[in-house]
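Here is a briefing on one protein model. Read it beside the sequence and the coordinates.

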Amino acid sequence: MAVHYKAPVISSIFVSYNGSTTDGTNTEIFVDGVNLLRTLVATDTNTSFLLFITGRQTGGISGTVADSATFKVEGEVKNIGDVITINNNTTITVSQITPTENWEVQVIADDVNDSLRINVIGEINKNISWKGELRVINL
């Protein structure tokens, strides 16, 4: 059973996310790095979100330790009658300090768990630590 961080229905909150990758597989990261802990989107609400997240290479057999990229993701998700959808106008801005063109961040409307899901993609043979802060405003 999934565990959720439930935001109050009308609120503005900040939630920390972290996790790690060692390959190019799409990997979900969680609130405070706790497995299956996600930010819940309450029924019959609209939620705007702003995510800042940084990935930093910490090891691996390829690449360079301290390579990094920062992502800013802005968008809106709504839960109407327990059906969650994300606005198609979600924007992603990437700031790369070093060549990390294969790294990726996704914010997904998770209808199964009534939550926002944060997924990251790293690179094969690179240990990457991910840390982010998600601001959500529920109405």
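Strands β5 and β11 pair in the antiparallel sense over 13 bridges. Strands here are DSSP runs of E of at least two residues, helices are runs of H or I of at least four, and both are numbered from the N terminus. Two strands pair if DSSP finds at least two bridges between them. The model is predicted: local features need pLDDT of at least 70, side-chain atom pairs count only at pLDDT 80 or more, and totals for chains, interfaces and linings use all residues. Residues are numbered from 1 along each chain as its sequence is written, and side-chain values use heavy atoms, with hydrogens and water left out.

**Strand pairing**
- I53 has G132 in β11 as its bridge partner.
- β5 and β6 also pair in the antiparallel sense, over 12 bridges.
- S48 stands opposite E76 in β6.

**Overall fold**
- The protein chain has 11 strands and 0 helices.
- Of its 139 residues, 40% count as buried, meaning under 20% relative accessible area with a 1.4 Å probe, protein chains only (exposed is over 50%, partly exposed in between).
- Among contacts (heavy atoms within 4.5 Å) between residues at least 6 apart in sequence, 68% join residues at least 24 apart.

**Nonpolar core**
- The largest nonpolar core has 26 residues, and L51, I53, V105, L116 and W130 touch the most other members.
- β2 (11-21), β3, β5 (45-60), β6, β9 (104-110), β10 (115-121) and β11 each supply at least two residues of this core.
- Such a core is a set of buried Ala, Val, Leu, Ile, Met, Phe, Trp, Tyr and Cys residues joined through side-chain atoms within 4.5 Å.

- The whole structure holds 2 aromatic pairs.
- F71 and W130 form a tilted pair, 6.1 Å centre to centre with 40° between the planes.
- F71 lies in β6 (residues 68-80) and W130 in β11 (residues 126-138), so the pair ties together parts that are 59 residues apart in sequence.
- Rings of Phe, Tyr and Trp (its six-membered ring) pair if their centres lie within 6.5 Å; planes under 30 degrees apart count as stacked, over 60 as edge-to-face and the rest as tilted.
- F71 and W130 are both buried.
- One aromatic cluster is formed by F71, W103 and W130.

**Confidence**
- The protein chain averages a pLDDT of 89, and 90% of the residues score at least 70.
- pLDDT is the predictor's confidence in each residue, from 0 to 100.
- Among the elements, strand β3 (residues 27-31) has the highest mean pLDDT (97) and strand β1 (residues 3-6) the lowest (56).
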